[in-house]
Structure formats: structure tokens, C-alpha cells
Amino acid sequence: MSNSDRPVIIVGGGVAGLTAALRIHRAGIAFRLLEARSRLGGRVWSVDETGNASHDGFDLGPSWFWPEMQPAFGRLIDDFGLTRFAQHDEGDVVLQRMPNGPPQRYGGLTQAPPSMRLAGGTASVVSALSDALPGGGIELGARATGARLDGEDVELSFVDAAGAVQICRAALVVFALPPRLLEATVAFSPAIDPASASRWRATPTWMAPHAKFFAVYDRPFWREQGLSGTAQSMVGPLVEIHDATIASGKAALFGFLGISAEDRIAVGESAIVSACVRQLANLFGPEAAKPRATLFKDWAADPLTATGGDRIATGHPMSDRRPWVGQEWRDHVVLAGSETSVRDPGYLAGAVDAAERAAAFVISRLQKPA
């Protein structure tokens, strides 16, 4: 058993890390959670039109979930009493095929099962999870840099919010972050076996190659025109567009950029934003040319999400039941990022699934018999 009064260290304070912490806490096991950012949530980030964190915000990260297909995540939402609502898809869709031709309008199709969203933004589940945890167990601005086996313990090194190097010890460490990011940022001693390290590097990080753009308006005027807000474009810069109006009625359209991460760097944010607004005006009419605010988030430029390997999109992470950790570290480390889920890798539901699996491993190792 570790000399620390926190026998478990959790690295990462997104949905996966917080879910693992809650399950471990409810089992009566003490934990310490280290989050590199100055906020909880990881890739979940809901903001107001000024870009500040909000309890009634637009989702710069993941937004949708499907409780019919992802019952564990649906139960988590229901357990916290959070309000869900369906993604707006009523009305026609717009298709943009040629740069010089007019966009075309087609009758829309209702999605089944519907994509669901959370009132207040996806960050509402982060708030619910963190509120259910005891105070004092979470440290923000703590970036893990190394893990060393020391007898039966793991000695974890991290840089704290003041920039000082700190050392903590635990019997077990839960790494609730993407495998690729873990391999690139945390040095292991002894080194992780080559097969595991190669697999971590090769696993795509959910959201990392992507960028999202939002245009915020006074009202959802496209609905008045019988449009759903959904559009597909072969022209760009946005390739997929949806109604992003939140539950409280604040209106917005959002889209995914179809420009590569390298080209986004070369073009620059200001030019991208201007081009996106022009595209929305072409698709939805002149009112779209005058948003009250715009939001832009390039996840590939976020060093706490992406590595250089994420600048080229390589597809969605795939389910894989093989162990993520080799023999030497298997009794000391467990991975819990969404990408490691055996059911829904790369989704919010995958973060919960992976976290619950990791927490079950911890509990089986550390919980004292009744």
C-alpha cells in the first residue's frame, strides 16, 4: 500500500477523470486528481458569446449524445437530474456543391434516434460530477510529466500551477487522458513497452484534429425561413453546419472546419472567421452576415489536447479490447481516456465507459473486504 494518504492518483479532470473519481470516492477510497488546465472539463468546454466559461453556453467541444444507444451515459445524466433536449433538425437542409453556383435546398429528414444535447451545455455534466466530489481532492494547473515505479508504489512527478516540480506517490494511477497525449507528455521509468507505446501513439485523439466555428445571432432567423440550420458544403471553409441554439434560446449556427490544421495555421484565425461568416451569408441569407459574436476553437492548437501527430486527421478511434498497458506497469497504471472505451471510443459515453472500467479495476485492487 502507498505511503500516501491518497492511494489513487487520477491524471485528467475531464468527464472520464471526474467519473472515475466519483466511482472511487463512493467506494470509500481516497483519491487525488491532477488537472493540467486551470479549469475542469478537458475537451468539454461550454462558453458564452465572449468566450468565457458559462453555465448556459455554447459547446466548443463535444455536444451530442444518444441515450438510446449509450444507456450508461443516459443514466448518468438522469442520475444528476440534468435536462436534455433534442438537436434542432426541423426544416430543410442546404447543400453547397460548387463555389460559383447557388446553394440548393432540400427537404430535411428527422434523425432517429435524435442527437441530444444538455441544457446549459455539456459542461453541466462536468459541474454535476465535480459538485459530487469532496473538496480538497482536486488540483488545477497540475501537469503530469513523469511516472516512476518505486517498489509497490508509483512516484508521479508534475509541474504545479506555480511552475514548481512536485512529487506524489500512490499505489495506482489512473491516466484519464488520450493515449497519444499520454505517450507524448509523460515519461515512464521503466519505459512503457514498445508495443504499448506504439499503440498509444497510433490511437487518434477525439476532437484533436478539428476546429469549430460559431456565429451567434439575436434570433434563429433561419427557422423562420423553414430551414433547419443544417448544411453540407463541398466548398468550405465549413463542411458541416448545424443549428447551435441553446436551450435558453440564445441563437447560433456552428460548423466544423474542412481546412487542415496546418492550413489553419497558415491562413490565420481572423481570415478563417471572415470566410466562415461570408459562407453562412451565402447559405442562409444576408442576416447571417451580421452575427452579434463569433467563436472559434482549434483543438489541434491546444497543447493539452493535441500533439503533432493530431494535425492530420486519421479517423475515429476504434474499439479494441486488448490491454492498454504492458505487463511491467499493468498492476500500477490504468488508462481511462474516452479513446480506450470498448463500447463508445471517442464519445462522451466512451469517457464514462472507460472511467467506470478503470474505477472497477482500482476498487477491486484497493477496497478492503467488508
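Biologist: Between which two elements does the loop that holds P190 lie?
Modeller: This is a predicted model, in which local features need pLDDT of at least 70 and side-chain atom pairs count only at pLDDT 80 or more, while totals for chains, interfaces and linings use all residues. Residues are numbered from 1 along each chain as its sequence is written, and side-chain values use heavy atoms, with hydrogens and water left out. Helices (H or I, at least four residues) and strands (E, at least two) are DSSP runs numbered from the N terminus. On that basis, the loop with P190 lies between β14 (187–189) and α5 (194–202).

Biologist: What is omega at the bond that joins S189 and P190?
Modeller: Most peptide bonds are trans. The bond that joins S189 and P190, however, is cis, and its omega is about 0°.

Biologist: Which residue forms a cis peptide bond with G236?
Modeller: The bond has an omega of about 10°.

Biologist: What is the phi of M207, a residue that is not a glycine?
Modeller: Most residues other than glycine have a negative phi. M207 is found in the loop between α5 and β15, and its relative accessible area of 7% makes it buried (under 20%; exposed is over 50%, partly exposed in between, with a 1.4 Å probe and protein chains only). Its phi is positive, at about 80°.

Biologist: Why does the pair of F58 and F214 count as tilted?
Modeller: Rings of Phe, Tyr and Trp (its six-membered ring) pair if their centres lie within 6.5 Å; planes under 30 degrees apart count as stacked, over 60 as edge-to-face and the rest as tilted. The structure holds 12 aromatic pairs. In the pair of F58 and F214 the centres are 6.1 Å apart, and the pair is tilted because the planes stand at 55°.

Biologist: How many residues apart are F58 and F214?
Modeller: F58 belongs to strand β4 (residues 58–59) and F214 to strand β15 (residues 211–217). Both residues are buried. The pair links distant parts of the chain, at a separation of 156 residues.

Biologist: What is the angle between the planes of F214 and F254?
Modeller: F214 lies in strand β15 and F254 in strand β18 (residues 251–257), so the pair ties together parts that are 40 residues apart in sequence. The relative accessibility of F214 is 2%, so F214 counts as buried; F254 is likewise buried, at 5%. The rings are 5.3 Å apart centre to centre, and the pair is stacked, with an angle of 25°.

Biologist: Which residues form one aromatic cluster with F58, F214 and F254?
Modeller: The pairs described above have F214 as a member. The cluster of F58, F214 and F254 also includes W64 and F256.

Biologist: How far from the ring centre of W324 does R199 lie?
Modeller: A charge sits over a ring if NZ of Lys or CZ of Arg is within 6 Å of the ring centre and within 35 degrees of the ring normal. The charged end of K297 sits over the ring of W299 in this way, 4.7 Å from its centre. R199 lies over the face of W324 at 3.6 Å.

Biologist: How many disulfides does the whole structure contain?
Modeller: A disulfide is a pair of cysteine sulfur atoms within 2.5 Å. Among the cysteines, C168 is buried at 7% relative accessible area and C276 is buried at 0%. The number of disulfides found is 0.
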